Amino acid sequence: MAPWRKLGIIAAGGELPLALAEHCAAEGRAYFVARVAPLADPALSTHPGASHDLGAMGGRIEALKQAGCDAVVFVGQAPRPNFSMLQFDEAGRAMAPALAAAAMEGDDALLRALLAQHAKAGFVIVGAEEVMAEMAAGGGTLGARAPCAADRADIALGAKVVAAMGALDIGQASVVCAGLVLGVEAQEGTDALLARVRGLPAPVRGTSNARRGVLVKRPKPNQERRIDLPVIGVRTIEGAAAAGLAGIAVEAGGALVVRQAAVIAAADAAGLFVYGFTREEVGEG
């Protein structure tokens, strides 16, 4: 049994919040979806919950309390806010100075400050993998295909690149092909990174007929892992396939795979591998 009575799902954009809500419904768990408008998937409106704008933090917290939630999980994609443009409610205005100050220190500091505000309001903060353990990326090959020696070398380099970027709070993904870094993720996100790689000249990347290169995703060093873990889904597979990559590698236990069976099926159909690497494999033991 979960160590909480009722879970509040604070849902931003992407497919992860919907997958989590569907899981709670299927498991018969008590839950409430606090939809962040207009980011949240419209399909979430079929689940118990309420919608509030990004700056309506007081209204969102009050709705979670009124629903009887004693724990919250933050899931989904949200753009970095422009605090001068947000429409805060009264409680949100009280929180804004601390959040804005944290934002000046980087995304991870902002997320930690956001968690702290909700913990101060009396909620237990949980990670998505605590709610849905099967979503956490395991180690080794997840589908029918495994990385070759060249792919493993690209994975090791990509992991080092992301670790270096993460230390500066930049991003969580890189693309490496034959020892050449083709791109790194910043604020644009993984989908845009893969689109950029797709636009590179064919000689430096793979093609659908001769796949090369790997997308590597892992958490930032010292990241608050209860929020903003790297995520891959079917759309990630589609983007990697379109970019001519040979596969996707994520840090085992440090990433979420949304709808894993569908991800594996899509990867197998496209001829890509999905691999969970350990820190020891990339020379960080």
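In this predicted model, helix α3 passes helix α4 in a right-handed crossing. The residues that make this contact are Met95, Ala98, Leu99, Ala102 and Ala103 on the α3 side, and Ala109, Leu110, Ala113, Leu114 and Gln117 on the α4 side. Sorted by class, the contact of α3 with α4 holds nine nonpolar residues and one polar residue, with no charged residues.

**Helices α3 and α4**

- Helix α3 covers residues 90-103 and helix α4 covers residues 107-120, and the two pack at an angle of about 155° with their axes 7 Å apart.
- Because an angle over 145 degrees counts as roughly antiparallel, α3 and α4 are described as roughly antiparallel to each other.
- Gln117, which lies in helix α4, touches Met95, Ala98 and Leu99 when residues up to four places away in sequence are not counted.
- The relative accessible area of Gln117 is 17%, so this residue is buried, the cut-off for that term being under 20%.

**The largest nonpolar core**

- The largest nonpolar core has 27 residues, and those with the most contacts inside it are Ile10, Leu64, Val72, Phe74 and Leu99.
- Leu64, when its neighbours within four places in sequence are left aside, is in contact with Gly8, Ile10, Phe32, Ala34, Cys69, Val72 and Phe123.
- Ile10 and Val72, which are among the contacts of Leu64, are also listed with Leu64 among the residues that have the most contacts inside the core.

**Helices α2 and α3**

- Helices α2 and α3 pack with their axes 7 Å apart and at an angle of about 115°, and they are therefore roughly perpendicular to each other, a term that covers angles of 65 to 115 degrees.
- On the α2 side this contact is made by Met57, Gly58 and Ile61, and on the α3 side by Ala91, Gly92, Met95 and Leu99.
- The residues of the contact of α2 with α3 comprise five nonpolar and two polar ones, and no charged ones.
- Met95 and Leu99 of α3 take part in the contact with α2 and also in the contact with α4.

**Helices α8 and α9**

- The axes of helix α8 (residues 234-242) and helix α9 (residues 260-270) come within 8 Å and cross at roughly 15°, which makes α8 roughly parallel to α9, given that angles under 35 degrees count as such.
- The crossing of α8 and α9 is right-handed.
- In this pair, Val234, Ile237 and Ala241 of α8 meet Ala262, Val263, Ala266, Ala267 and Ala270 of α9, and by class the contact consists of eight nonpolar residues, with no polar and no charged ones.

**Val184 in strand β8**

- Val184 is placed in strand β8, which comprises residues 180-184, and it is partly exposed, with a relative accessible area of 33%.
- Not counting residues up to four places away in sequence, Val184 touches Val161, Met165, Ala173, Ser174, Leu193 and Arg196.
- The C-alpha atoms of Val184 and Arg211 are separated by 19 Å, the two residues being 27 residues apart along the chain.

How values were computed. Residues numbered from 1 in each chain as written. Predicted model: local features only at pLDDT ≥ 70, side-chain atom pairs only at ≥ 80, totals over all residues. Heavy atoms only, no water. Axes fitted to C-alpha atoms, helices over the stretch in contact; angles between N-to-C directions. Helix = DSSP H or I, 4+ residues; strand = E, 2+ residues; numbered from the N terminus. Left-handed = near helix turned anticlockwise from the far one by under 90°. Contact = heavy atoms within 4.5 Å. Nonpolar A, V, L, I, M, F, W, Y, C, P; charged D, E, K, R; others polar. Core = buried A, V, L, I, M, F, W, Y, C linked by side-chain atoms within 4.5 Å. Buried < 20%, exposed > 50% of the residue type's maximum accessible area, 1.4 Å probe, protein only.
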